[in-house]
Amino acid sequence: MLKKIFSIFIMILLLVLLVGLSENVLAKDTYTATSTINGVTVNWQYELNESDQIEELTCTNTSDLTGKITIPSTINGKTVVTLGNDAFKSATQITEVIIPSTVKEIGLWAFRDCTKLKNVNLGNVEEIEGYAFEGCTSLTNVKIPKTLKSTGLNQPVFDKNLKTITFEDGLTKIPQALCAETEITEVTIPSSVKEIDLWAFRDCTKLKKVNLGNVEEIAGHAFEGCTSLTNVKIPKTLKSTGLNQP
């Protein structure tokens with residue numbers, strides 16, 4: 001019995017050591033830098049990927065930022081490709097953000113509680129994480145670029161105050177929960193969109209009118225909780241829906 005207990009203890013110890021070793025191997029160095037936006041010195045923190053590009057870019061003095069800001073596409077000669085979690089959280093004095101075309105992903109809560117943010121140019125982002133614009137109560141309209149491919153799974157992206165959302169022609173898919181829990185009242189889906197993913201418009205309780213364009217697939221629960229949507233025309237292009245899901 002003691003031999004068995006000892007063997008189990010050794011196995012657990014080895015697992016702990018392996019996990020610790022893997023974490024050390026996977027851990028990335030954190031770098032800092034500064035740049036100037038609107039005459040203000042911005043303090044940055046970031047990591048580098050295998051291609052020596054900047055990822056997880058985060059501003060560490062968001063309270064100093066004001067007005068319209070353009071996120072730099074390069075810092076210290078290195079290309080910025082992703083924004084980190086809480087990248088501009090609580091930057092309560094910024095009113096407009098321009099995201100450079102180099103950036104492909106926005107992190108969790110990236111612009112959370114930027115309460116005066118009214119305009120966002122999403123550039124060529126391919127992924128927007130959940131809650132990226134939560135608490136952005138002044139952001140009432142937004143345009144989704146055709147490059148967008150995915151979102152944080154089943155997590156709302158925008159604050160409920162969002163009232164108008166438009167999609168750039170060329171977009172092929174409306175990702176999961178992209179428009180969920182917003183106050184949009186009408187949606188026109190461009191003909192380029194072929195798929196509406198799970199929960200895409202979940203709990204849009206004020207949504208009354210939808211033009212489905214030429215969609216071929218509507219996943220389950222895409223319009224769940226859209227209690228004001230009482231009349232929908234299904235396009236002849238529709239081929240499939242989520243299996244056994246409303």
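A residue counts as buried when its relative accessible area is under 20%. Keep that cut-off in mind as you look at this predicted model, starting with strand E2, residues 40–48. Which of its side chains are buried? Val-40, Val-42, Trp-44, Tyr-46 and Leu-48 are, and they point to one face.

## The neighbours of E2

Strand E1 (residues 31–37) pairs with E2 in the antiparallel sense, over seven bridges. Here Thr-32 has Gln-45 of E2 as its bridge partner. The hairpin of E1 and E2 has two residues between the strands, and Asn-38 takes a positive phi near 55 degrees there.

E2 also pairs with strand E3 (residues 54–59), again antiparallel, over four bridges. Leu-48 has Ile-54 in E3 as its bridge partner. Five residues lie between the strands in this hairpin, where Asp-52 has a positive phi near 65 degrees.

## A buried arginine

Now find Arg-202, in the loop between strand E16 (195–196) and strand E17 (209–211). Why does Arg-202 count as buried? Because its relative accessibility is 9%, and the cut-off is under 20%.

The side chain of Arg-202 makes a polar contact of 2.3 Å with the side chain of Asn-154. Beyond four places away in sequence, the residues Arg-202 touches include Pro-156, Glu-181, His-221 and Ala-222.

## The largest pocket

The largest pocket holds about 230 Å³ of space. It is lined by 17 residues, and those closest to its centre are Ile-218, Ala-219, Ala-222, Phe-223 and Pro-246. Its lining has eleven nonpolar residues, five polar and one charged.

Definitions and conventions:
Residues are numbered from 1 along each chain as its sequence is written. This is a predicted model: local features need pLDDT of at least 70, side-chain atom pairs count only at pLDDT 80 or more; totals for chains, interfaces and linings use all residues. Side-chain values use heavy atoms; hydrogens and water are left out. On a 1 Å grid over the protein atoms alone, a cavity is a set of points where a 1.4 Å probe fits but cannot get out, and a pocket is an open set with protein on both sides within 12 Å along at least five of seven lines; lining residues have an atom within 4 Å of a point. Grid points are joined across faces, edges and corners, and a volume is the space filled by probe spheres set on the points. Ala, Val, Leu, Ile, Met, Phe, Trp, Tyr, Cys and Pro count as nonpolar, Asp, Glu, Lys and Arg as charged, and the others, Gly among them, as polar. Buried means under 20% relative accessible area, exposed over 50%, partly exposed in between (1.4 Å probe, protein chains only). A polar contact is a pair of N or O atoms within 3.5 Å; within protein, one must be able to donate a hydrogen and the other to accept it, and residues adjacent in sequence count only if both atoms are side-chain atoms. Contact means heavy atoms within 4.5 Å. Two strands pair if DSSP finds at least two bridges between them.
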